[in-house]
Amino acid sequence: MKLEFYNQLVDNAEFCRALGRVMLASSKLEIELKQYLRIHGKDLSERAATLGNLIKILKKNGHLTTNGEIHFGQVNLQRNYLVHNLYGSFVGEIENWLLPIEDLVPEDIELYVEKTELTANNLIFYSKIVCDAIKKYNDEAAQKESKTTTLL
């Protein structure tokens, strides 16, 4: 039944739409985190630009509160599970799974869709927080620049 359920997920337009939103939102968040870290003096290679690595750099450099560490860590775990480990959980390749894989019924697809949508929404929300922080930084820099360049 596990692989049958996985195949039902693959054929389910709502689930695939939600998973696509996760992919798009995490890609956007990764770019915004790179931009945020760059304006704070961090030079990042493409290799270091994975969501997990970016979160580690944020933590290491004191850019996250304890709650921020928890939230970013959780959304990264959820994203990684959905993108990298979902199939593996159905075939026994990974032990730690975030969604049920036993005794599944077709109605469980709704749970998968809901949890995947929640992950996408969280990524979008965190992206907004990062964008707001970048805007605030740029606004403050512009104000400082205008104050220092005024002659009279």
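Biologist: Which residues form one aromatic cluster?

Modeller: This is a predicted model, and it holds eight aromatic pairs. Rings pair if their centres lie within 6.5 Å. One cluster is formed by Phe 5, Tyr 6, Phe 15, Tyr 87, Phe 90 and Tyr 112.

Biologist: Which element gives the most residues to the largest nonpolar core?

Modeller: The core has 33 residues, and Leu 9, Leu 29, Leu 33, Phe 72, Phe 90 and Tyr 112 touch the most other members. Two or more residues come from each of α1 (2–11), α2 (13–39), α3 (51–60), α4 (66–90) and α5 (108–149). With eight residues, the element that gives the most is α5.

Biologist: Which residues does Leu 33 touch, leaving out those up to four places away in sequence?

Modeller: Leu 33 is among the core residues that touch the most other members. A contact here means heavy atoms within 4.5 Å. On that basis the partners of Leu 33 are Leu 51, Leu 54, Leu 58, Phe 72 and Val 130.

Biologist: Why is the chain described as more spread out than a compact globule?

Modeller: The secondary structure comes to five helices and zero strands, in the pattern α-α-α-α-α. For 152 residues the globule rule gives 15 Å, so the chain is more spread out than a compact globule, with a radius of gyration of 19 Å.

Biologist: What share of the residues in the chain is buried?

Modeller: Buried means under 20% relative accessible area. The accessible surface of the chain is about 9,700 Å², with 53% of that belonging to carbon and sulfur atoms. Of the 152 residues, the buried share is 34%.

Conventions. Residues numbered from 1 in each chain as written. Predicted model: local features only at pLDDT ≥ 70, side-chain atom pairs only at ≥ 80, totals over all residues. Heavy atoms only, no water. Core = buried A, V, L, I, M, F, W, Y, C linked by side-chain atoms within 4.5 Å. Buried < 20%, exposed > 50% of the residue type's maximum accessible area, 1.4 Å probe, protein only. Helix = DSSP H or I, 4+ residues; strand = E, 2+ residues; numbered from the N terminus. Phe/Tyr/Trp six-rings, centres within 6.5 Å; stacked < 30°, edge-to-face > 60°. Rg over C-alpha atoms; globule rule 2.2 N^0.38 Å. Areas by Shrake-Rupley, 256 points an atom, 1.4 Å probe, with all protein chains shown as cover.
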